[in-house]
Amino acid sequence: MKVKEAQRRFGQNLQYVQGLRKYTLKQLSALSGLAEEYISELENGHKIGANIQTLVCLGEALDITPGALIDRDLRADALKLVEGYKKE
């Protein structure tokens, strides 16, 4: 996986899971211990190279494994589950 693709996926997944949890940026900041501006930059792909500590903090705050924020397209996975459920 290319770095730019990983960054894009990470930002999208971060926004997606934050929305699922119904957390505001302020709430996610408080839960993760990271600055609101920094989280926003990560979500929008303006900040490059989040370190492992950042991934762990966000993963814990969102109750998701840090790897899942990078490795998979969580929105696409959710759509596949919904489509599969509708077919049954």
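Reply: This is a predicted model. In helix H1, Phe10, Gly11, Gln12, Leu14, Gln15 and Gln18 meet Ile39, Leu42 and Glu43 of H3. Sorted by class, this contact of H1 with H3 has four nonpolar, four polar and one charged residues.

Me: Which residues of H3 are buried, and what makes them lie on the same side of the helix?

Reply: In H3, which spans residues 36-43, the buried ones are Tyr38, Ile39, Leu42 and Glu43. They cover an arc of only 140 degrees around the axis, so they are on the same side of H3. Their cover includes helix H1 (3-21), helix H2 (25-32) and helix H4 (52-62).

Me: What follows H3?

Reply: Gly45 follows H3, and its phi is positive, near 75 degrees.

Me: Why is Val17 called buried?

Reply: Val17, a residue of helix H1, has a relative accessible area of 2%. Buried means under 20%, so Val17 is buried at 2%.

Me: Which residues does Val17 contact, once neighbours within four places in sequence are left aside?

Reply: Val17 is in contact with Leu62, Ile64, Leu69 and Leu74. For Val17 and Leu69, the separation is 52 residues in sequence and 8.7 Å in space, C-alpha to C-alpha.

Me: What makes a set of residues a nonpolar core, and which members touch the most others in the largest one?

Reply: The members must be buried residues of the nonpolar kinds listed for a core, joined through side-chain atoms within 4.5 Å. The largest such core has 16 residues, and Phe10, Leu14, Leu28, Leu58 and Ile64 touch the most other members. At least two residues each come from H1, H3, H4 and helix H5 (68-71). H4 gives the most, with four residues. In soluble globular proteins, nonpolar side chains tend to be buried together.

Me: Which residues is Leu14 in contact with, neighbours within four places in sequence aside?

Reply: Leu14 is in contact with Leu28, Ile39, Leu42, Glu43, Leu58, Leu62 and Leu69. Leu14 is also one of the H1 residues that meet H3.

Note on methods. Residues numbered from 1 in each chain as written. Predicted model: local features only at pLDDT ≥ 70, side-chain atom pairs only at ≥ 80, totals over all residues. Heavy atoms only, no water. Buried < 20%, exposed > 50% of the residue type's maximum accessible area, 1.4 Å probe, protein only. Arc of directions from axis to C-beta. Contact = heavy atoms within 4.5 Å. Nonpolar A, V, L, I, M, F, W, Y, C, P; charged D, E, K, R; others polar.
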